[in-house]
Amino acid sequence: MITVDSIIATIISGLMLGSIYALVSVGLTLQWGAVKILNFAHGAFITLGAYIAWLSLGNLSGGWIIALPMAAIVTFVMGAALERFIMNPMRPKPGGLANITISTLFITIMITNSIILIIGPHFRTIPPIYEQTYYFGPIVANAQQIIIALLGPLSLLLLMLFLSKSKSGMAVRAVALDKDGASLCGINISRSYTYAIGVGAALAGLAGALVGVIYYVTPNMGFDSYIKSLFVITLGGLGRVKGAIYAAYIIGIIEALVAHLFGIFWATPVLFLLFVFFLVVKPRGLYGIEMEL
Amino acid sequence: MMKIKPEIIVFAFILAILPFLFWGEVYIIHVLIISMIFGVVVSCWDLSIGYAGLFHIGQLLFFALGAYTSAILSIHLEIPSWIGVIAAGFAAFIFSIIIGMPCIRVRGIYLLFLTFALQFVAIGMILNYSKWTGGVTGLLVGPIMLGNLIFDQFHVVESYYLCLCIFILSIILLKNVVESNIGLALTSLRDSEKYAVTRGVNAFKYKMLAFAIGSFPTGVIGGFYTHYTGLVSDTILAFSFNILFLAILILGGRGTLYGPLIASFFLTFLNESLRGTFELYRTIIYSAIVVLILMFFPKGMMEIIKNAKLIFQELIMPERSQAIKNK
């Protein structure tokens, strides 16, 4: 049944999806812009964030006020460690960038399998943030959807503050603009790289905690939003944070509408078919940014 | 004119006598067959990644297309399966030309994205057109039959020699391509595309050739794989296959051709020997090996084999090798 009300409800759930994709892809595009690598381990950080939120809700008191910052902080530390101990030694070697990209793929596998080994392959559920359903006339909206749709922009606002006001954030932006120039001005490039990867990972962890609320927590959950965020960052222009935010909401709404109009099984194939057409028409992305691997 | 290198003859000879050493050990021969199948796919992939510098993950699509073509031809159209296997090669060849057109326009990281997206489109197609493909349950396929000979998992020795034939033929093809002008043009395009194009190398034509030549043996071996295992389903496009093939490629070394072949035997046997007691650690161990290889020997196993003496010296006498380097 397709009515105006159902379309509006679909758009609300599309906005919620868009908030999650925005969190995931802003982290990814920030990492791409500053460090110039495609981080495949981003999907694993989404999963890690969800598991940390689940563990913290189960074992620590404090509920969501503690769980969300925990997810962000722990993934930040792990992302920074990944940059420091694995990517940093590989960078000066020949073919370094392609090798780093491939190694992050295998790090994803290691993280996923470690989770299966330690916690187990079963589905876990995170209790909802706030259970309440609102009726605006004929339109039904879930409180949880609204909270998630608002939490996304809120954390992105925090990120913008970090990037534009704090010294380390400005250093990350400088390195993204011009690595050599930043280095000449006395910016520690290697530390900026660590910050960029860490902040990206923290955003992924936050997104993971939110995805975990909507769906189940499984060892492979991050992969799905990760591959969609690849489309998002290409549409928004690689390395452009604002472009990624707009693109995330567009994709979220398209996905929700396709699932509503054609059925849930078509949502992913149609999205990727669009991606293929997009790349065929614009082989270098919307902004024509060339990226050699 | 095809030339056959002496090392290929030696390789073929060693592989041909292996079943006699493991006579009756069905499981070991089965693992050898799987290693050869993976070896063919990965060495074809190496032609585009290692030699042409086209980093794509479309090789699994050609493999799956070969498998499904052969299965659908033998089940729905009841064509003899050996014709189906050859048709699978041609289907993959034509498909590679069709997807090659957009893929070659796209460069760098976008090529990876495009082939990534195509893989998910293909999974969606398989699940949604279940009338032909069998959907999630897949298709049950009969064995390849030539006269009285049957090639499937229950006749491993026959299958082994058929697989060996495909394996050796594809190595001969790839080696000849790599040593010919095509290989030279591809390497020059990889190293500096702008310079190669100014010197008159047709970038589009040679990149397309790398795609097309690599796809034919992959399609054939995909057809063989379905008839050998007797089943094809959407798990053939699972991402873990990509990971395993990429691990083989990195371990063997990109742009070496023989490296991935050796690495596929090594990694498949490692993978199988870790089953049982170390089942849960299996993937973690081989991922860790790949990350370590990337960190310390980015060119893979062939680099270790070639520089074995130097690495040995480095371990035994670090001061002396440092002195040699400083000279």
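At 46% relative accessibility, Glu179(B) counts as partly exposed, a class that lies between buried (under 20% relative accessible area) and exposed (over 50%), as judged with a 1.4 Å probe and protein chains only. The structure is a predicted model, in which local features need pLDDT of at least 70 and side-chain atom pairs count only at pLDDT 80 or more, whereas totals for chains, interfaces and linings use all residues. Residues are numbered from 1 along each chain as its sequence is written, chains are lettered from A and ligands numbered from 1 in the order in which they are written, and side-chain values use heavy atoms, with hydrogens and water left out.

Glu179(B) takes part in a salt bridge with Lys5(B), in which the closest N and O atoms are 3.1 Å apart; a salt bridge is here a side-chain nitrogen of Lys or Arg within 4 Å of a carboxyl oxygen of Asp or Glu. Because Lys5(B) lies in the segment before α1 (6-21) and Glu179(B) in helix α7 (residues 156-179) of chain B, the pair ties together parts that are 174 residues apart in sequence. Lys5(B) is itself partly exposed, with a relative accessible area of 29%. Glu179(B) also meets the side chain of Lys175(B) in a salt bridge of 3.6 Å, N to O, and these two residues both lie in helix α7 of chain B, four residues apart, or about one turn of the helix. Lys175(B), by contrast, is buried, at 12% relative accessible area.

Elsewhere in chain B, the side chains of Arg190(B) and Asp191(B) form a salt bridge at 3.2 Å, N to O, with Arg190(B) partly exposed at 37% relative accessibility and Asp191(B) exposed at 57%. In chain A, Asp224(A), Lys228(A) and Glu255(A) are joined into one network by salt bridges that share partners. Over all chains, the structure holds seven salt bridges.

Chain B as a whole contains 16 helices and four strands, which are DSSP runs (H or I, at least four residues, for helices; E, at least two, for strands) numbered from the N terminus. The C-alpha trace of chain B spans about 70 × 50 × 45 Å along its principal axes. Of the 327 residues in chain B, 56% are buried. Among contacts (heavy atoms within 4.5 Å) in chain B with a separation of 6 or more, 77% are between residues 24 or more positions apart.
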